[in-house]
Amino acid sequence: MDAFEYNSNPGRVVFGSATLKNLPEEVAHLNLSAPLVLSTPHQVLQADLVKELLNNNAAGVFSEATMHTPTHITKKGIQYAKANGADSVISIGGGSTIGLRKAISFRMGIPHICIPMTYAGSEMTPILGETVDGIKKTRSDPRILPGTVIYDADLTMTLPWAISLSSPT
């Protein structure tokens, strides 16, 4: 018999329809008080909804997430987080926003909650892919994993039906 080690990924998963409404309890569960909400420029309305769900008790909305997580955007997000007293980050969206969440929380050492709106799966991996001076680099670290992932099936209803049908189950 071959010996092996297994490390389970820590974290909490909240899954179902309309589970986004549980966000305030998840923020309280993690003992957070000033999360920074992240999105892409096209998903600002969803980020504003998250902020409203928290009764506007957020450090703000940073909506500059972009594909491949360029480090200059990460630095800008960190500056925004620090200037607004963020103690955590919440991402809502797809892979671009999830990547920025990973980069900011990892570099700042703060907790994070992920609300995916696509089927990317990146939210459950300890891998951060980012672009440094035009070159894509990756790193893996368990601290990249989120404290909580909220899967609200209703949020995926805006995806084109062809994407939903072709996603792995």
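Which residues form a nonpolar patch on the surface? They are Val13, Phe15 and Met124, with about 310 Å² of accessible area together. Patches here are built from residues with over 30% relative accessible area and no salt bridge, joining like charges within 9 Å and nonpolar side chains (Val, Leu, Ile, Met, Phe, Trp, Tyr) within 5 Å. The areas themselves come from the Shrake-Rupley method with a 1.4 Å probe, and for residues only the protein chains shown count as cover.

## Ground rules

This is a predicted model, in which local features need pLDDT of at least 70 and side-chain atom pairs count only at pLDDT 80 or more, while totals for chains, interfaces and linings use all residues. Residues are numbered from 1 along each chain as its sequence is written, and side-chain values use heavy atoms, with hydrogens and water left out.

## The parallel sheet

Let's start with the sheet. Six strands make an open sheet with parallel pairing, in the order S1-S8-S5-S4-S2-S3. Strands S1 (12–16) and S3 (60–62) sit at the edges, each pairing on one side only. Neighbouring strands are turned by 20 degrees against each other on average, ignoring direction. For the record, helices (H or I, at least four residues) and strands (E, at least two) are DSSP runs numbered from the N terminus, and two strands pair if DSSP finds at least two bridges between them.

Phe15, one of the patch residues, stands opposite Tyr151 in S8.

## Helices across the strands

Helix H3 (residues 71–83) lies across S2 (35–38) and S3, at about 175 degrees to S3. Helix H4 (residues 95–108) lies across S2, S3, S4 (88–93) and S5 (112–116), at about 170 degrees to S4. Axes are lines fitted to C-alpha atoms, for helices over the stretch in contact, and angles run from 0 to 180 degrees between N-to-C directions. Contact means heavy atoms within 4.5 Å.

Pro116 lies in strand S5. Is Pro116 buried or exposed? Pro116 is buried, because its relative accessible area is 3%; the cut-offs are under 20% for buried, over 50% for exposed and partly exposed in between (1.4 Å probe, protein chains only). Leaving aside neighbours within four places in sequence, Pro116 is in contact with Gly93, Ile98, Glu123, Val149, Ile150, Tyr151 and Leu155. The C-alpha atoms of Pro116 and Gly94 are 5.6 Å apart, with 22 residues of separation along the chain.

Pro41 is in the loop between S2 and helix H2 (44–53), and at 52% relative accessibility Pro41 counts as exposed. Beyond residues up to four places away in sequence, Pro41 touches Ser63, Glu64 and Ala65. As for Met124 from the patch, this residue is found in the loop between S5 and S6 (127–132) and is partly exposed at 35%.

## Salt bridges

How many salt bridges does a search of the whole structure find? It finds five, where a salt bridge is a side-chain nitrogen of Lys or Arg within 4 Å of a carboxyl oxygen of Asp or Glu. Glu26 and Arg12 meet in one of them, at 2.7 Å from N to O. That pair links distant parts of the chain, with Glu26 in helix H1 (residues 23–29) and Arg12 in strand S1, 14 residues apart. Glu26 is buried at 4%, whereas Arg12 is partly exposed at 35%.

Arg107 forms a salt bridge with Glu130, the closest N and O atoms being 2.9 Å apart. Here Arg107 in helix H4 and Glu130 in strand S6 are 23 residues apart. Arg107 is partly exposed at 37%, while Glu130 is buried at 4%. Arg139 joins Arg107 and Glu130 in a network of salt bridges. Asp141 and Arg143 form another salt bridge, with closest N and O atoms 2.7 Å apart; Asp141 is buried at 14%, and Arg143 is exposed at 58%.

## The S6–S7 hairpin

S6 and S7 pair in the antiparallel sense over six bridges, with Gly129 opposite Thr138 in S7. The hairpin has two residues between the strands, and Asp133 takes a positive phi near 50 degrees. Strand S7 (residues 135–140) lies largely in the open, because the number buried among its six residues is zero.
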